[in-house]
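Please keep the viewer open as you read.

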Amino acid sequence: MQAWVVDAPAPVDAGPLRRVEREIPRPGPRQVRVRITCCGVCRTDLHLAEGDLPPRRPAVAPGHEVVGIVDAVGEGASRFAVGERIGVAWLGRTDGSCRFCRRGDENLCTSPLFAGWDVDGGFADACLVDERFAYRLADALPDEQAAPLLCAGIIGYRALRCAAVPPGGRLGIYGFGGSAHLTAQIALAQGLRVHVLTRGEHNQALAAELGADSVGGATDPPPEPLDGAILFAPAGELVPVAMRALDRGGTLAVAGIWLSAIPGLDYAAELFDERRLRSVTANTRRDGEEFLRLAERLGVRATTVAYPMAQAPQALADLAHGRFGGAAVLMNQ
Ligand SMILES: [Zn+2]
Ligand SMILES: [Zn+2]
(Lines give C-alpha, C1' and ligand atoms only; values in the text may rest on other atoms or scores of the structure.)
(Ligands and ions follow the chains in the order given, each with its own letter.)
Protein backbone atom coordinates (compact mmCIF):
# COMPACT_ATOMS: atom_id res chain seq x y z
CA MET A 1 0.00 0.00 0.00
CA GLN A 2 1.03 3.62 -0.28
CA ALA A 3 1.36 6.10 2.56
CA TRP A 4 2.49 9.69 2.97
CA VAL A 5 4.97 9.99 5.84
CA VAL A 6 6.92 12.66 7.70
CA ASP A 7 10.46 11.79 8.62
CA ALA A 8 12.19 15.13 8.47
CA PRO A 9 9.83 17.97 9.42
CA ALA A 10 10.38 21.14 7.37
CA PRO A 11 8.47 24.23 6.27
CA VAL A 12 5.54 23.06 4.18
CA ASP A 13 6.82 24.61 0.96
CA ALA A 14 10.00 22.53 1.27
CA GLY A 15 7.90 19.37 0.97
CA PRO A 16 8.11 17.53 4.30
CA LEU A 17 5.72 14.76 3.16
CA ARG A 18 7.23 11.76 1.40
CA ARG A 19 5.24 9.04 -0.34
CA VAL A 20 6.36 5.50 0.48
CA GLU A 21 5.35 1.96 -0.39
CA ARG A 22 4.86 -0.22 2.67
CA GLU A 23 3.30 -3.50 3.72
CA ILE A 24 -0.34 -3.40 4.55
CA PRO A 25 -0.50 -3.62 8.38
CA ARG A 26 -2.04 -6.63 10.12
CA PRO A 27 -4.48 -5.91 12.94
CA GLY A 28 -3.37 -6.92 16.44
CA PRO A 29 -5.58 -7.81 19.40
CA ARG A 30 -8.71 -5.61 19.63
CA GLN A 31 -7.67 -3.80 16.44
CA VAL A 32 -9.42 -3.51 13.12
CA ARG A 33 -7.91 -2.50 9.81
CA VAL A 34 -9.57 0.27 7.87
CA ARG A 35 -9.38 0.54 4.09
CA ILE A 36 -9.34 4.33 3.92
CA THR A 37 -11.75 6.10 1.60
CA CYS A 38 -11.24 9.63 2.87
CA CYS A 39 -9.05 11.48 5.38
CA GLY A 40 -9.47 15.06 6.53
CA VAL A 41 -6.52 17.45 6.75
CA CYS A 42 -6.21 19.10 10.16
CA ARG A 43 -3.91 21.90 11.26
CA THR A 44 -2.27 19.40 13.59
CA ASP A 45 -1.02 17.51 10.51
CA LEU A 46 0.60 20.75 9.40
CA HIS A 47 2.19 21.28 12.85
CA LEU A 48 3.58 17.74 12.62
CA ALA A 49 4.92 18.18 9.07
CA GLU A 50 6.56 21.48 9.97
CA GLY A 51 8.00 20.26 13.28
CA ASP A 52 6.00 22.40 15.72
CA LEU A 53 4.98 18.98 17.04
CA PRO A 54 7.99 16.68 16.76
CA PRO A 55 7.02 13.31 15.18
CA ARG A 56 6.77 10.66 17.91
CA ARG A 57 7.94 7.87 15.64
CA PRO A 58 10.05 7.79 12.50
CA ALA A 59 8.21 7.97 9.16
CA VAL A 60 4.80 8.37 10.76
CA ALA A 61 1.81 8.76 8.45
CA PRO A 62 -0.23 11.82 9.53
CA GLY A 63 -4.01 12.00 9.42
CA HIS A 64 -6.57 11.57 12.17
CA GLU A 65 -9.91 12.28 10.49
CA VAL A 66 -10.17 8.91 8.84
CA VAL A 67 -13.21 7.38 7.20
CA GLY A 68 -13.03 3.89 5.76
CA ILE A 69 -14.30 0.36 5.58
CA VAL A 70 -13.26 -2.36 7.99
CA ASP A 71 -11.49 -5.02 5.92
CA ALA A 72 -9.81 -7.16 8.59
CA VAL A 73 -10.29 -7.70 12.31
CA GLY A 74 -7.75 -8.76 14.92
CA GLU A 75 -8.02 -11.24 17.75
CA GLY A 76 -10.85 -10.42 20.15
CA ALA A 77 -12.20 -7.57 18.01
CA SER A 78 -15.96 -7.94 17.77
CA ARG A 79 -17.39 -4.42 17.74
CA PHE A 80 -17.37 -3.95 13.96
CA ALA A 81 -17.93 -6.38 11.11
CA VAL A 82 -15.86 -6.56 7.96
CA GLY A 83 -17.52 -4.22 5.46
CA GLU A 84 -18.72 -1.71 8.07
CA ARG A 85 -17.84 1.98 7.61
CA ILE A 86 -16.18 3.57 10.65
CA GLY A 87 -14.29 6.70 11.69
CA VAL A 88 -10.84 6.96 13.26
CA ALA A 89 -10.10 10.08 15.30
CA TRP A 90 -7.17 11.70 17.13
CA LEU A 91 -7.43 9.75 20.40
CA GLY A 92 -6.11 6.35 19.31
CA ARG A 93 -5.79 4.73 22.71
CA THR A 94 -5.48 5.49 26.41
CA ASP A 95 -4.13 3.26 29.17
CA GLY A 96 -7.50 3.23 30.95
CA SER A 97 -5.72 3.03 34.30
CA CYS A 98 -4.00 6.33 35.10
CA ARG A 99 -5.58 8.73 37.59
CA PHE A 100 -7.11 10.81 34.79
CA CYS A 101 -8.65 7.86 32.97
CA ARG A 102 -10.06 6.59 36.26
CA ARG A 103 -11.80 9.89 36.98
CA GLY A 104 -13.30 10.12 33.49
CA ASP A 105 -10.83 12.58 31.98
CA GLU A 106 -9.27 10.26 29.43
CA ASN A 107 -8.35 13.26 27.27
CA LEU A 108 -5.66 13.92 29.91
CA CYS A 109 -4.34 10.33 29.97
CA THR A 110 -0.65 10.25 30.89
CA SER A 111 0.19 7.61 28.25
CA PRO A 112 -2.09 8.11 25.28
CA LEU A 113 -1.50 7.14 21.68
CA PHE A 114 -2.65 9.59 19.04
CA ALA A 115 -3.51 8.64 15.46
CA GLY A 116 -1.15 10.18 12.94
CA TRP A 117 1.42 11.10 15.61
CA ASP A 118 2.24 8.04 17.77
CA VAL A 119 0.73 5.54 15.36
CA ASP A 120 0.25 5.69 11.60
CA GLY A 121 -2.78 7.67 10.51
CA GLY A 122 -4.92 8.22 7.49
CA PHE A 123 -2.70 9.78 4.81
CA ALA A 124 -2.49 6.24 3.39
CA ASP A 125 -4.46 3.42 1.80
CA ALA A 126 -5.10 1.69 5.13
CA CYS A 127 -4.49 2.03 8.86
CA LEU A 128 -5.18 0.20 12.10
CA VAL A 129 -7.35 1.32 14.99
CA ASP A 130 -8.20 -0.06 18.42
CA GLU A 131 -11.88 -0.82 17.96
CA ARG A 132 -12.75 0.74 21.32
CA PHE A 133 -11.62 4.15 20.03
CA ALA A 134 -13.34 4.06 16.62
CA TYR A 135 -16.70 5.68 15.82
CA ARG A 136 -19.80 4.53 14.05
CA LEU A 137 -20.92 7.04 11.43
CA ALA A 138 -24.46 7.99 10.41
CA ASP A 139 -25.34 6.23 7.14
CA ALA A 140 -26.66 9.40 5.53
CA LEU A 141 -23.31 11.17 5.92
CA PRO A 142 -21.04 11.01 2.82
CA ASP A 143 -17.37 10.16 3.54
CA GLU A 144 -16.24 13.65 2.63
CA GLN A 145 -18.72 15.17 5.08
CA ALA A 146 -17.92 12.76 7.88
CA ALA A 147 -14.13 13.15 7.91
CA PRO A 148 -13.85 16.75 9.20
CA LEU A 149 -16.25 15.96 12.03
CA LEU A 150 -13.76 13.51 13.52
CA CYS A 151 -11.23 16.03 14.80
CA ALA A 152 -12.23 19.53 13.72
CA GLY A 153 -15.78 18.82 14.82
CA ILE A 154 -15.12 16.93 18.04
CA ILE A 155 -12.38 19.22 19.37
CA GLY A 156 -14.41 22.30 18.45
CA TYR A 157 -17.36 20.89 20.35
CA ARG A 158 -15.23 20.31 23.44
CA ALA A 159 -13.84 23.84 23.10
CA LEU A 160 -17.38 25.22 22.89
CA ARG A 161 -18.27 23.49 26.14
CA CYS A 162 -15.04 24.73 27.73
CA ALA A 163 -15.93 28.33 26.76
CA ALA A 164 -18.94 27.93 29.08
CA VAL A 165 -21.31 30.38 27.39
CA PRO A 166 -24.71 30.44 29.13
CA PRO A 167 -27.87 29.74 27.09
CA GLY A 168 -28.54 32.63 24.72
CA GLY A 169 -25.14 34.12 25.54
CA ARG A 170 -22.49 35.75 23.40
CA LEU A 171 -19.65 33.67 21.90
CA GLY A 172 -16.55 35.00 20.17
CA ILE A 173 -14.72 32.81 17.64
CA TYR A 174 -11.14 33.80 16.79
CA GLY A 175 -9.93 32.19 13.56
CA PHE A 176 -12.38 30.52 11.22
CA GLY A 177 -11.11 27.36 9.55
CA GLY A 178 -12.16 23.72 9.58
CA SER A 179 -12.92 23.42 13.26
CA ALA A 180 -14.47 26.86 13.80
CA HIS A 181 -16.94 26.59 10.93
CA LEU A 182 -18.40 23.39 12.43
CA THR A 183 -18.43 24.77 15.97
CA ALA A 184 -20.20 27.94 14.84
CA GLN A 185 -23.02 25.87 13.38
CA ILE A 186 -23.58 24.10 16.70
CA ALA A 187 -23.45 27.38 18.64
CA LEU A 188 -25.90 29.10 16.29
CA ALA A 189 -28.27 26.11 16.33
CA GLN A 190 -28.19 26.24 20.13
CA GLY A 191 -29.23 29.89 20.10
CA LEU A 192 -25.97 31.63 20.98
CA ARG A 193 -25.03 34.97 19.48
CA VAL A 194 -21.86 34.29 17.50
CA HIS A 195 -19.22 36.90 16.67
CA VAL A 196 -16.44 35.77 14.34
CA LEU A 197 -13.10 37.58 14.42
CA THR A 198 -10.77 36.35 11.72
CA ARG A 199 -8.44 37.30 8.93
CA GLY A 200 -8.79 35.90 5.42
CA GLU A 201 -11.51 36.67 2.89
CA HIS A 202 -12.54 33.01 2.47
CA ASN A 203 -12.94 32.61 6.19
CA GLN A 204 -14.90 35.83 6.64
CA ALA A 205 -17.20 34.98 3.73
CA LEU A 206 -17.88 31.50 5.11
CA ALA A 207 -18.68 32.90 8.57
CA ALA A 208 -21.18 35.35 7.07
CA GLU A 209 -22.74 32.64 4.93
CA LEU A 210 -23.25 30.39 7.96
CA GLY A 211 -25.16 33.16 9.72
CA ALA A 212 -22.70 34.62 12.22
CA ASP A 213 -24.18 37.63 14.02
CA SER A 214 -21.11 39.65 13.13
CA VAL A 215 -17.84 39.15 11.27
CA GLY A 216 -14.75 41.26 11.89
CA GLY A 217 -10.98 41.26 11.56
CA ALA A 218 -8.91 39.12 13.94
CA THR A 219 -7.96 41.99 16.25
CA ASP A 220 -11.17 44.01 15.98
CA PRO A 221 -13.25 44.39 19.13
CA PRO A 222 -16.55 42.46 18.84
CA PRO A 223 -19.73 44.59 18.81
CA GLU A 224 -20.64 43.48 22.34
CA PRO A 225 -18.75 41.94 25.30
CA LEU A 226 -18.39 38.16 25.13
CA ASP A 227 -19.52 35.60 27.70
CA GLY A 228 -17.05 33.15 26.25
CA ALA A 229 -14.62 32.86 23.37
CA ILE A 230 -12.67 30.19 21.53
CA LEU A 231 -9.26 30.82 20.01
CA PHE A 232 -8.87 28.55 16.98
CA ALA A 233 -6.05 30.47 15.28
CA PRO A 234 -2.63 29.21 16.48
CA ALA A 235 -1.68 32.80 17.30
CA GLY A 236 -0.68 33.56 20.89
CA GLU A 237 -0.79 37.31 20.20
CA LEU A 238 -4.58 37.01 20.01
CA VAL A 239 -4.86 35.82 23.62
CA PRO A 240 -4.75 39.36 25.15
CA VAL A 241 -7.02 40.60 22.34
CA ALA A 242 -9.63 37.96 23.11
CA MET A 243 -9.26 38.39 26.89
CA ARG A 244 -10.01 42.12 26.54
CA ALA A 245 -13.17 41.24 24.61
CA LEU A 246 -14.55 39.10 27.44
CA ASP A 247 -17.23 40.34 29.77
CA ARG A 248 -16.78 39.88 33.53
CA GLY A 249 -16.56 36.19 34.41
CA GLY A 250 -16.03 35.18 30.78
CA THR A 251 -13.82 32.31 29.63
CA LEU A 252 -11.38 32.07 26.75
CA ALA A 253 -10.77 28.48 25.60
CA VAL A 254 -7.68 27.89 23.44
CA ALA A 255 -8.59 25.05 21.10
CA GLY A 256 -5.31 24.33 19.32
CA ILE A 257 -2.65 21.78 20.22
CA TRP A 258 0.06 24.34 19.42
CA LEU A 259 0.13 28.11 19.96
CA SER A 260 2.79 30.72 19.26
CA ALA A 261 4.11 32.66 22.28
CA ILE A 262 1.53 34.53 24.36
CA PRO A 263 2.56 38.13 25.17
CA GLY A 264 2.34 39.41 28.75
CA LEU A 265 -1.16 40.03 30.06
CA ASP A 266 -2.27 43.30 31.59
CA TYR A 267 -3.92 42.10 34.78
CA ALA A 268 -6.57 44.81 35.06
CA ALA A 269 -7.52 45.01 31.39
CA GLU A 270 -7.14 41.37 30.43
CA LEU A 271 -7.65 39.05 33.39
CA PHE A 272 -9.25 40.71 36.43
CA ASP A 273 -13.02 40.48 37.00
CA GLU A 274 -12.74 36.70 37.14
CA ARG A 275 -12.03 36.21 33.48
CA ARG A 276 -10.58 32.76 32.81
CA LEU A 277 -8.04 31.49 30.32
CA ARG A 278 -7.90 27.75 29.67
CA SER A 279 -6.66 25.26 27.11
CA VAL A 280 -8.50 22.39 25.49
CA THR A 281 -6.61 19.12 25.34
CA ALA A 282 -7.74 16.32 23.02
CA ASN A 283 -11.16 14.86 23.80
CA THR A 284 -12.86 11.98 25.50
CA ARG A 285 -14.74 9.32 23.56
CA ARG A 286 -17.86 10.68 25.20
CA ASP A 287 -17.22 14.11 23.62
CA GLY A 288 -16.92 12.36 20.27
CA GLU A 289 -20.12 10.33 20.59
CA GLU A 290 -22.07 13.36 21.85
CA PHE A 291 -20.81 15.59 19.08
CA LEU A 292 -21.53 13.10 16.29
CA ARG A 293 -25.10 12.64 17.54
CA LEU A 294 -25.60 16.38 17.85
CA ALA A 295 -24.10 17.09 14.43
CA GLU A 296 -26.53 14.62 12.88
CA ARG A 297 -29.53 16.05 14.72
CA LEU A 298 -28.65 19.68 14.00
CA GLY A 299 -27.66 19.02 10.41
CA VAL A 300 -24.09 20.34 10.73
CA ARG A 301 -22.53 20.50 7.27
CA ALA A 302 -18.82 20.68 6.64
CA THR A 303 -17.68 22.91 3.80
CA THR A 304 -15.03 20.75 2.16
CA VAL A 305 -12.41 21.03 -0.53
CA ALA A 306 -11.50 17.60 -1.92
CA TYR A 307 -8.06 16.56 -3.14
CA PRO A 308 -6.94 13.16 -4.44
CA MET A 309 -4.77 11.39 -1.82
CA ALA A 310 -1.88 11.78 -4.28
CA GLN A 311 -2.07 15.55 -3.73
CA ALA A 312 -1.68 15.54 0.06
CA PRO A 313 1.32 17.94 -0.06
CA GLN A 314 -0.75 20.45 -2.04
CA ALA A 315 -3.64 20.20 0.42
CA LEU A 316 -1.29 20.82 3.34
CA ALA A 317 0.33 23.80 1.59
CA ASP A 318 -3.07 25.28 0.72
CA LEU A 319 -4.08 24.96 4.39
CA ALA A 320 -0.86 26.67 5.49
CA HIS A 321 -1.42 29.56 3.08
CA GLY A 322 -5.15 29.94 3.77
CA ARG A 323 -6.08 29.23 0.16
CA PHE A 324 -9.50 27.76 0.91
CA GLY A 325 -12.39 28.15 3.35
CA GLY A 326 -13.64 25.20 5.41
CA ALA A 327 -11.86 21.85 5.56
CA ALA A 328 -9.65 19.94 3.12
CA VAL A 329 -10.19 16.21 2.64
CA LEU A 330 -8.05 13.65 0.83
CA MET A 331 -9.95 11.12 -1.26
CA ASN A 332 -8.71 7.59 -2.04
CA GLN A 333 -10.57 6.51 -5.14
ZN1 LIG B 1 -4.85 7.11 31.25
ZN1 LIG C 1 -6.96 17.42 14.35
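What follows starts with the conventions, then moves from a sheet to its helices and on to the cores.

This is a predicted model, in which local features need pLDDT of at least 70, side-chain atom pairs count only at pLDDT 80 or more, and totals for chains, interfaces and linings use all residues. Residues are numbered from 1 along each chain as its sequence is written, chains are lettered from A and ligands numbered from 1 in the order in which they are written, and side-chain values use heavy atoms, with hydrogens and water left out.

Strands and helices here are DSSP runs (E, at least two residues, for strands; H or I, at least four, for helices), numbered from the N terminus, and two strands pair if DSSP finds at least two bridges between them. Look at β13 (residues 226-231) and β14 (residues 246-254), which are joined in the parallel sense by five bridges; Ala-229 stands opposite Leu-252 of β14.

How much of α5 is covered? Ten of its twelve residues are buried, meaning under 20% relative accessible area with a 1.4 Å probe and protein chains only. Among them are His-181, Leu-182 and Gln-185. Just after α5, Gly-191 takes a positive phi of about 90°.

What lies in between? Nonpolar side chains tend to be buried together in soluble globular proteins. A nonpolar core is a set of buried Ala, Val, Leu, Ile, Met, Phe, Trp, Tyr and Cys residues joined through side-chain atoms within 4.5 Å. In the largest one, of 45 residues, those touching the most other members are Leu-149, Leu-171, Ile-173, Phe-176, Ile-230 and Phe-291. α4 gives the most to this core, with six residues. Apart from it lies another core, of 40 residues, including Ala-3 and Leu-316.

Finally, find Asp-287 in helix α9 (residues 285-298). Asp-287 counts as buried because its relative accessibility is 3%. Beyond its neighbours within four places in sequence, Asp-287 is in contact with Ile-154, Tyr-157, Arg-158 and Arg-161.

Terms used. Buried means under 20% relative accessible area, exposed over 50%, partly exposed in between (1.4 Å probe, protein chains only). Contact means heavy atoms within 4.5 Å.
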